[in-house]
Amino acid sequence: MQRSSLRVFIVGVVSAIALALFSVPSASAAPLVPAAGYGFTEGALITTLSQQDIDREMNTVAQTNASWFRVLIDRSTIEKSPGVYDWSGTDRVMNAARSRGLRVIGLIAFTPFFQGGGILRTAPPARATDFSDFVGKAVQRYRGSSNTWEIWNEPNLPAFFGLVPNKPQRYTQLLRASYPVIKRIQPQSTVIAAGLSRISGTDSPPQFIADMYKAGARPFFDAAALHPYVFPNGIANAPDNAISDVARVRAIMVANGDAGKKIWFTEIGAPSNGPGRGGNTPEQQRDQIRDLLAFIARLPYAGPAIIYSIRDFSSDPRTLGDRETRFGALLTQDYKLKPTYFLLKK
């Protein structure tokens, strides 16, 4: 796409975003949600829970109109030693999602320490084929539960890609190795490039995906993904944030001939650990989720939106300084209902 056409495209998308911001529904109105649906993801914690606690969380999800559930298939915890696998925790969550009629996104990620990919389990393995071999095993095992696979999580953030250099190129190697393996097992599956989270500079989502295209990623994913967190200030009060990245990423995809691919929003949400601690009140959390769902619903190229997460990790007041403990949208750690539950309940 010529530079002038690209500029016109971006201006048009940003104008549409601005228009959408002035027509956000009230907190009491039925929320506007994406045509492709919405759902939840609980991260790594849910696979460690008892069956009783899994059921309590998933029963709460079933009381909403959610149609999706994103399950982490964490190789670093499943492959206990070379060739020795424990799928039991993931099996329980997969079965719980299926039994409640939810469509599953299988998020396949991370590396056992014995692979030597880096100093963190979030680092890619030294050889991309080691990861794609595991991808094949996971897809073969769960092909009856899912035909949608997201490859890795937030590789543009240094901590989620093991602090390795050349992240877009290294990540593209994982896509190139994994995509044909998945398609051989499930030709009609959807392979999603990892959700990218807001960060500035050379690792920003627009720059990261542009570098992926330069590394030859285009034939090896069916949809892109973003994690447009806008806490603590929300959509309207942050003029240059994860929302503006959406238009930029879309423009890059169109310029690279991928106008037909959708952007999935595989994480949205906000922490409810309170203002002044980097988060929001539970009511502000609800409002940000409502606004993000409405924003995504108005995008013609949007896939589903996935809310992170179901339940808080802690109810201890001493942990309020750690916002990561309070991303639960529906439940507190001790299963009290939060405002977002009442927004989304059937």
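Author: The model is predicted. In the largest pocket, the lining comprises twelve nonpolar, five polar and six charged residues. These belong to a lining of 23 residues, and those nearest the centre of the pocket are Glu154, Phe160, Glu267, Tyr308 and Glu324. The volume of this pocket is about 570 Å³.

Tyrosine 308 is joined to serine 309 by a cis peptide bond, with omega at about 10 degrees. Serine 309 itself belongs to the loop between β10 and α10. A cis bond is also present between phenylalanine 231 and proline 232, where omega is near 5 degrees. Proline 232 is located in the loop between β8 and α8. A further backbone feature concerns tryptophan 152, which is not a glycine and yet has a positive phi of about 75 degrees. This tryptophan 152 is part of strand β6, which covers residues 148-153.

The structure contains 18 aromatic pairs. In one of them, tyrosine 229 and phenylalanine 327 have ring centres 5.9 Å apart and planes at 75 degrees, so the pair counts as edge-to-face, the class for planes over 60 degrees apart. Tyrosine 229 sits in the loop between β8 (223-227) and α8 (242-255), whereas phenylalanine 327 sits in the loop between β10 (302-308) and α10 (339-344); the pair thus links distant parts of the chain, 98 residues apart.

Two cavities of 30 Å³ or more are present, and the largest cavity has a volume of about 40 Å³. Its lining consists of Leu196, Ser197, Arg198, Pro205, Leu226, His227, Pro228, Ala242, Asp245 and Val246. By class, six of these residues are nonpolar, two are polar and two are charged. At least two lining residues come from each of β7 (190-197), β8 and α8, and α8 contributes the most, with three.

The second largest pocket holds about 220 Å³ of space. Its lining has 13 residues, of which Thr47, Thr48, Thr77, Gly89 and Thr90 are the closest to its centre. Two or more lining residues come from each of β2 (68-74), α3 (75-78) and α4 (88-99). Among the elements, α4 gives the most, with three residues. By class, the lining of this second largest pocket has three nonpolar, six polar and four charged residues.

The same helix α4 also packs against helix α2, residues 51-62, at an angle of about 35 degrees and with the axes 10 Å apart. The crossing of α2 and α4 is right-handed. On the α2 side the contact is formed by Gln51, Ile54 and Met58, and on the α4 side by Arg92, Val93, Ala96 and Ala97. The residues of this contact comprise five nonpolar, one polar and one charged.

Definitions and conventions:
Residues numbered from 1 in each chain as written. Predicted model: local features only at pLDDT ≥ 70, side-chain atom pairs only at ≥ 80, totals over all residues. Heavy atoms only, no water. 1 Å grid on protein atoms, 1.4 Å probe; cavity = no way out; pocket = protein on both sides within 12 Å on 5 of 7 lines; lining within 4 Å. Points joined across faces, edges and corners; volume = space filled by probe spheres on them. Nonpolar A, V, L, I, M, F, W, Y, C, P; charged D, E, K, R; others polar. Helix = DSSP H or I, 4+ residues; strand = E, 2+ residues; numbered from the N terminus. Axes fitted to C-alpha atoms, helices over the stretch in contact; angles between N-to-C directions. Left-handed = near helix turned anticlockwise from the far one by under 90°. Contact = heavy atoms within 4.5 Å. Phe/Tyr/Trp six-rings, centres within 6.5 Å; stacked < 30°, edge-to-face > 60°.
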